[in-house]
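Thanks for coming. Please look at the screen while I go through one protein chain.

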Amino acid sequence: MRKILYCTLTAITFIFTVWYMHYGVPYENEGALSKIGLEHRIQFIVWGVLTLTTLTVGIISAYRRYTKSRLYVPLLLAALIGMALTLAFDFDFDKKPDYYFHCTGSLMFSVSVGVCVFLLFLFCYKQGAVFRVLTYLTAIILIADTVCLLIFKETGLIEALPIFSGYIMLLTVNLRGDKVEVKR
């Protein structure tokens, strides 16, 4: 039953994110999720809450299933604070304090979730080929996304790539049918 609920939540979040991105041009700065949020505030908040919830549920489930580590707790707390700042403050450069709080929150959320997912796969590296592949894939996505962000500035695609990857990778490991016994 939990797997069905998690699949449903992930599907809803994935579809909502794609739909939300239709308000902008994904490969331009105007298509950045935060830019769209300036004109579509309620949808931005719904997107943020759905994204945070889906990634948090996926991360907690995977960590509890595959590792003994509780490192996800402070990282997800930082992600929660980051998303709260992102949603509470506008991405409006004319309002400098709001802009800086928004960007700080966005960075906190992205880094915390990215590191959390990467460490999950790294901790499970020896548990099978799927974890080795996902460890390398996560590292490549995070590095490529950072480089693209520095080169092209913020766009919807650059923001969405790690988020969609997180949805898919966490869904993959949480739906695995293998028997896993983590001794606590």
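What pLDDT does the protein chain average, and what share of the residues score at least 70? The average is 91, and 97% of the residues score at least 70; pLDDT is the predictor's confidence in each residue, from 0 to 100. This is a predicted model, in which local features need pLDDT of at least 70 and side-chain atom pairs count only at pLDDT 80 or more, while totals for chains, interfaces and linings use all residues. Residues are numbered from 1 along each chain as its sequence is written, and side-chain values use heavy atoms, with hydrogens and water left out.

Next, the elements. Helices are DSSP runs of H or I with at least four residues, strands are E runs of at least two, and both are numbered from the N terminus. Mean pLDDT is lowest in α2, at 89, and highest in α4, at 97.

Now the core. A nonpolar core is a set of buried Ala, Val, Leu, Ile, Met, Phe, Trp, Tyr and Cys residues joined through side-chain atoms within 4.5 Å. Buried means under 20% relative accessible area, exposed over 50%, and partly exposed in between, with a 1.4 Å probe and protein chains only. The largest such core here has 39 residues, and W47, I59 and F121 have the most contacts inside it. Two or more residues each come from α1 (2–21), α2 (33–39), α3, α4 (72–88), α5 (96–123), α6 and α7. The largest share, 9 residues, is given by α3.

Take F121. Contact means heavy atoms within 4.5 Å. Leaving aside neighbours within four places in sequence, F121 is in contact with F131, L134, T135, T138, M169 and V173.

Is T135 buried or exposed? T135 counts as buried because its relative accessibility is 4%. T135 lies in helix α6, residues 129–152. Not counting residues up to four places away in sequence, T135 touches F118, F121, L122 and Y125.

The axes of α3 (residues 41–66) and α7 (residues 156–174) come within 9 Å and cross at roughly 35°. Axes are lines fitted to C-alpha atoms, for helices over the stretch in contact, and angles run from 0 to 180 degrees between N-to-C directions. Among the residues making this contact are W47 and I59 of α3 and Y167 and V173 of α7.

Helix α7 also holds L171. L171 and K3 are 168 residues apart in sequence, but 9.1 Å apart in space, C-alpha to C-alpha. Beyond its neighbours within four places in sequence, L171 is in contact with Y6, C7 and T10.
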